[in-house]
Amino acid sequence: MSASRPGADAIQAALATVLDPEIGRPITELDMIESVRVTDDTVDVVVLLTVSGCPMREEITSRVERAVTAVPGVRSVRVRLEVMSAEQRAALHTKLRGGTATRSIPFAQPGSLTRVYGVASGKGGVGKSSVTVNLAASMARSGLSVGVLDADIYGHSIPRMLGVDRLPTQVEKMIMPPQAHGVKVISTGMFTRGNEPVTWRGPMLHRALEQFLSDVFWGDLDVLLLDLPPGTGDIAISLAQLVPSSELLVVTTPQLAATEVAERAGTVAVQTRQNVVGVVENMAWLPCPHCAGRVDVFGSGGGAAVAERLTRVLGHDVPLLAQLPIDVRLREGGDSGVPLVTADPDCEASKILREVAERLSSRSRGLAGRSLGLTPTRRS
Ligand SMILES: Nc1ncnc2c1ncn2[C@@H]1O[C@H](COP(=O)(O)OP(=O)(O)O)[C@@H](O)[C@H]1O
Ligand SMILES: [Mg+2]
């Protein structure tokens, strides 16, 4: 034995710094290290993958190599990948669920600190998805842990807008969401073949949403944004049932025709007792290419009108959070999978989106319409 032979403790400590790229936790904690053998200055590590077709094989291998090579005395590292047995996978599954084998929605637990926002609109094409991905990317840029659930069954566009082309992997019944721009993404589009149009009925939608909320390993999220289908559909009601503390963000254009339906989408919150956190008016104006003026392509005042009427109907303040200009680069960003807040964080539209993101992530969770489980006491 040479004096410089690397110590087992040092190697374990190095392995403990290696995070599983999908789960985001140390591989040692996930029982992914089958064995470590040290022969002089060579270390053999056997790593257990959750599934054999794991898309992260190379990434895990290089992370382990890098970490162990950095241990003093190690000259070479050999990593062998094997696959967990069914029992090992089941144990991991239970561990990821926080020690329980039963299915539950983490965001609906009383102690959950995740803010859950459903992004709603009256009709399609108003920029709901564009706003969702830019808010998510902006929050991730400021260091928050963010997830986007694309619940727009009929018009799922989130994966493209965030440039996600990887499919989720599955560990037992747990789904590992792919990530892009620091955002974890799950879309109904990932579970349909090709681009087939989906005709899902209400109960199926409810079950799909329930599954995405409970079976996806979201980890500890600060914020979860749900891109809801346009209109006053069943899925908004399902969301309210599944995550009673969820709140709604309404997106509209300034156009009157759009505001009426946007309002209706918002007033679902009366039935569901959800809080509407505010209104974003998108495509509010087009900066004039020839002067400093603004062209009101879709009219004006729609966002403020929706905010006012929702305030009246819901009985709590529903602010107009932002007016967002038309910006060709916002559309281009959606098409190319790089959100505008990432591509050009300092342009006007990005600044506005960043402000909204900041506001939604820094506010304490609203209590309106929520059962606090407290008995009011009166102080004399
Ligand atoms: N402020 C904007 N400026 C320019 N294009 C926009 C803007 N908001 C949305 N778009 C574009 O309009 C189209 C519809 O937006 P999208 O976010 O898909 O709407 P929705 O999700 O409400 O159907 C997309 O092509 C998108 O890139
Ligand atoms: Mg959309």
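Predicted model: local features only at pLDDT ≥ 70, side-chain atom pairs only at ≥ 80, totals over all residues.
1. The three-stranded sheet. An open sheet is built from three strands in the order β1-β2-β3, and its pairing is mixed. Its edge strands are β1, residues 33-39, and β3, residues 76-83, each of which pairs on one side only. On average, neighbouring strands of this sheet are turned by 15 degrees against each other, with direction ignored.

2. The β1 and β2 pair. β2 covers residues 42-49 and runs antiparallel to β1, with six bridges joining the two strands. Within this pairing, Val38 stands opposite Val43 of β2. Helix α1, residues 8-15, packs on the sheet and touches both β1 and β2. The direction of α1 makes about 140 degrees with that of β1.

3. The eight-stranded sheet. A further open sheet has eight strands, ordered β8-β9-β5-β10-β4-β11-β12-β15, again with mixed pairing. At its edges stand β8 (179-180) and β15 (320-323); each has a single partner strand, so one side of each is left without a neighbour in the sheet. As background, the strands of a sheet pair through backbone hydrogen bonds, either parallel or antiparallel.

4. The partner of β8 is β9, residues 183-187; the two run antiparallel and are joined by two bridges. One point to check by eye is Gln179, whose bridge partner in β9 is Lys184.

5. Contacts of ligand 1. There are 15 residues around ligand 1, and those that come nearest are Gly125, Lys128, Ser129, Ser130 and Asn282. A polar backbone atom of Gly125 is 2.7 Å from an oxygen atom of the ligand. Asn282 places a polar side-chain atom 2.9 Å from a nitrogen atom of ligand 1. For Pro325, a backbone N or O atom lies 2.9 Å from a nitrogen atom of ligand 1.

6. Burial and shell of ligand 1. Ligand 1 taken alone exposes 560 Å², of which the protein buries 80%. Two or more residues of the shell come from each of α4 (128-141) and α10 (328-336). Of the elements, α4 gives the most, with three residues. By type, the shell residues divide into six nonpolar, six polar and three charged.

Definitions and conventions
Residues numbered from 1 in each chain as written. Chains lettered and ligands numbered in written order. Heavy atoms only, no water. Pairing = 2+ DSSP bridges. Helix = DSSP H or I, 4+ residues; strand = E, 2+ residues; numbered from the N terminus. Axes fitted to C-alpha atoms, helices over the stretch in contact; angles between N-to-C directions. Contact = heavy atoms within 4.5 Å. Near = heavy atom within 4 Å. Polar contact = N/O pair within 3.5 Å; in protein donor to acceptor, adjacent residues only side chain to side chain. Areas by Shrake-Rupley, 256 points an atom, 1.4 Å probe, with all protein chains shown as cover. Nonpolar A, V, L, I, M, F, W, Y, C, P; charged D, E, K, R; others polar.
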